[in-house]
Amino acid sequence: MATTPAKKSPQAKLPQLSQQDIQQNYSRLQNDLQQLASKIGELEQEAEEHSLVLTTLNEALAEEPERKCFRLVGGVLVERTVKDVVPALQTNRSGIQQVISTLADQYKTKETDFESFKRDYHIRPAPAS
């Protein structure tokens, strides 16, 4: 006597969650997306500031590479020359851009998870009254 395995419906693989658990997971995922978006925005602003400073310092580098400039390092204002500061700022900016790229990928993944969660649990936005 052979038995055949029962086919599972797509709903069967979802964990049974109470309404409260579904709401908590929804809020958590939504909050995670907002935090990632906020962090990406902060880092984009910081990268833009680095770009503005580099634009100004590149002009000074072309004319006076030994010109004094000041850099805030760990809360301490340090005197350096333009030729010393420019490479460090370029490295910092590229590092920030890499982090932004990584966070953007995480955001896309989290957004996909959020959309599948909403689809799996049949969550739709409430109509505005």
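Me: With which residue does Arg 28 form a salt bridge?

Reply: In this predicted model, local features need pLDDT of at least 70 and side-chain atom pairs count only at pLDDT 80 or more, while totals for chains, interfaces and linings use all residues. Residues are numbered from 1 along each chain as its sequence is written, and side-chain values use heavy atoms, with hydrogens and water left out. A salt bridge requires a side-chain nitrogen of Lys or Arg within 4 Å of a carboxyl oxygen of Asp or Glu. The closest N and O atoms here are 3.9 Å apart, and the partner of Arg 28 is Asp 32.

Me: How many residues apart in helix 1 are Arg 28 and Asp 32?

Reply: Helices (H or I, at least four residues) and strands (E, at least two) are DSSP runs, numbered from the N terminus. In helix 1, Arg 28 and Asp 32 are separated by about one helical turn, because their spacing is four residues.

Me: Which residue is linked with Arg 28 and Asp 32 in a network of salt bridges?

Reply: The salt bridge of Arg 28 and Asp 32 belongs to a network. In that network, Arg 28 and Asp 32 are linked with Lys 110.

Me: Is Lys 118 buried or exposed?

Reply: The side chains of Glu 115 and Lys 118 meet in a salt bridge, 3.4 Å from N to O, and both residues lie in helix 2, three residues apart. Buried means under 20% relative accessible area, exposed over 50% and partly exposed in between (1.4 Å probe, protein chains only). Glu 115, at 36%, is partly exposed. Lys 118 has a relative accessible area of 18%, so Lys 118 is buried.

Me: How many salt bridges does the structure have in total?

Reply: One of them joins the side chains of Lys 39 and Glu 42, at 3.8 Å from N to O. Lys 39 and Glu 42 both lie in helix 1, three residues apart, or about one turn of the helix. Under the rule for salt bridges, the count comes to six.

Me: How far apart are the ring centres of Tyr 26 and Phe 114?

Reply: The structure holds two aromatic pairs, where rings of Phe, Tyr and Trp (its six-membered ring) pair if their centres lie within 6.5 Å, planes under 30 degrees apart count as stacked, over 60 as edge-to-face and the rest as tilted. The planes of Tyr 26 and Phe 114 stand at 45 degrees, so the pair is tilted, and the distance between the ring centres is 5.1 Å.

Me: Which helices does the pair of Tyr 26 and Phe 114 link?

Reply: The two residues are 88 residues apart, and their pair links distant parts of the chain. Tyr 26 is partly exposed at 22% relative accessibility, whereas Phe 114 is buried at 6%. Tyr 26 lies in residues 19-63 and Phe 114 in residues 82-120, which are helix 1 and helix 2.

Me: Which residue forms an aromatic pair with Phe 117?

Reply: This pair is tilted, with 4.9 Å from centre to centre and 45 degrees between the planes. Phe 117 is buried, with a relative accessible area of 10%. The partner of Phe 117 is Tyr 121.

Me: Over how many bridges do strand 1 and strand 2 pair?

Reply: Two strands pair if DSSP finds at least two bridges between them. Strand 1 covers residues 68-73 and strand 2 covers residues 76-81. Arg 71 stands opposite Val 78 in strand 2. The strands pair in the antiparallel sense, and the number of bridges is six.

Me: Which residue in the hairpin of strand 1 and strand 2 takes a positive phi?

Reply: The hairpin has two residues between the strands. The residue with a positive phi near 60 degrees is Gly 74.

Me: Where is His 122 placed?

Reply: Most residues other than glycine have a negative phi. His 122 is not a glycine, yet its phi is positive, at about 55 degrees. Its place is in the segment after helix 2.
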